[in-house]
Amino acid sequence: MANDGSLASKVEDWIVTQLLAVAQFAAGTVEPFLGTTQPDGRQLIDEMTAKRSPYAVVLFEGDHAVVTQEGKQDYEPTYAIYVTVQNERQGAARNGDGTTPGTNLLRDLLRNALHDKIPAQSANGFWAERAEFRGTQIVFQRSDAFVMRAELVVREVPAA
């Protein structure tokens with residue numbers, strides 16, 4: 001995956017790689033979010049549900065500084081993973097149906113693939129030390145499609 005060499009871009013690519021190693025995600029599409037040309041949320045949902053299910057996009061959303069006991073400064077960037085799940089069977093986008101995973105199973109798989117892992121990425125004087133899965137929430141729902149947002153915080157510390 002080509003990127004600008006920033007730590008945020010490297011961690012996005014690491015998240016994509018982690019998710020592609022999960023069988024249920026490998027069957028769909030996982031990619032860094034490149035943006036959209038859709039002017040409103042409804043059109044964005046239509047764009048995302050036009051992809052193969054499950055469809056996941058990863059993006060750096062922002063960070064904040066954490067002052068250590070030694071008076072130094074680490075950072076905690078937040079990465080969001082938006083997962084779109086579709087299923088024509090009533091309720092199966094959420095609960096799955098035995099052949100297609102729903103958001104409930106994908107939540108567990110996201111947590112298992114990302115929580116307490118070491119991204120082992122560095123750039124521009126910082127090291128991505130540890131990933132912490134902070135949970136999920138459903139941000140859009142209809143009978144045949146759900147969009148879930150998962151939050152991952154990665155502790156960045158000065159490189160040794």
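1. Let's start with Asp74, whose side chain makes a polar contact with the side chain of Arg155 at 3.2 Å. A polar contact here is a pair of N or O atoms within 3.5 Å; within protein, one must be able to donate a hydrogen and the other to accept it, and residues adjacent in sequence count only if both atoms are side-chain atoms. Keep in mind that this is a predicted model, where local features need pLDDT of at least 70 and side-chain atom pairs count only at pLDDT 80 or more, while totals for chains, interfaces and linings use all residues. Residues are numbered from 1 along each chain as its sequence is written, and side-chain values use heavy atoms, with hydrogens and water left out.

2. Where does Asp74 lie? It belongs to strand β3, residues 73-86; helices (H or I, at least four residues) and strands (E, at least two) are DSSP runs, numbered from the N terminus. With a relative accessibility of 8%, Asp74 counts as buried, a word that means under 20% relative accessible area, with exposed being over 50% and partly exposed in between (1.4 Å probe, protein chains only). Setting aside neighbours within four places in sequence, Asp74 is in contact (heavy atoms within 4.5 Å) with residues including His64, Val66, Arg155 and Pro158.

3. Now for strands β5 and β6. β5 (residues 126-142) runs antiparallel to β6 (residues 145-158), and 14 bridges join them; two strands pair if DSSP finds at least two bridges between them. Phe126 has Pro158 in β6 as its bridge partner. The two strands form a hairpin with two residues between them.

4. β5 also pairs with β4 (residues 121-123), again in the antiparallel sense, over three bridges. Gln121 stands opposite Ala128 in β5. This is a hairpin too, with two residues between the strands, and Asn124 in its turn has a positive phi of about 50 degrees.

5. Helix α5 covers residues 103-114 and spans 16 Å from first C-alpha to last, close to the 16 Å expected at 1.5 Å a residue (the expected span is 1.5 Å times one less than the number of residues). Which of its residues are buried? They are Thr103, Leu106, Leu109, Leu110, Ala113 and Leu114. Seen down the axis of α5, these fall within an arc of 115 degrees, so they line one face of the helix; the arc is that of the directions from the helix axis to the C-beta atoms. Just after α5, Asp116 takes a positive phi of about 60 degrees.

6. Helix α1 (residues 7-20) is worth a look as well. 10 of its 14 residues are buried, so the helix is largely enclosed by the rest of the structure. Among them are Leu7, Val11, Trp14 and Leu19.

7. β1 pairs with β2 (residues 55-67) in the parallel sense over four bridges, and Thr29 stands opposite Tyr55 in β2.

8. Finally, the whole chain. The protein has five helices and six strands, in the order α-α-β-α-β-β-α-α-β-β-β. Its radius of gyration is 17 Å, close to the 15 Å that the globule rule gives for 160 residues, so it is as compact as a globular protein of that length. That radius is taken over C-alpha atoms, and the rule is 2.2 Å times the number of residues to the power 0.38. Buried residues make up 42% of the 160 residues.
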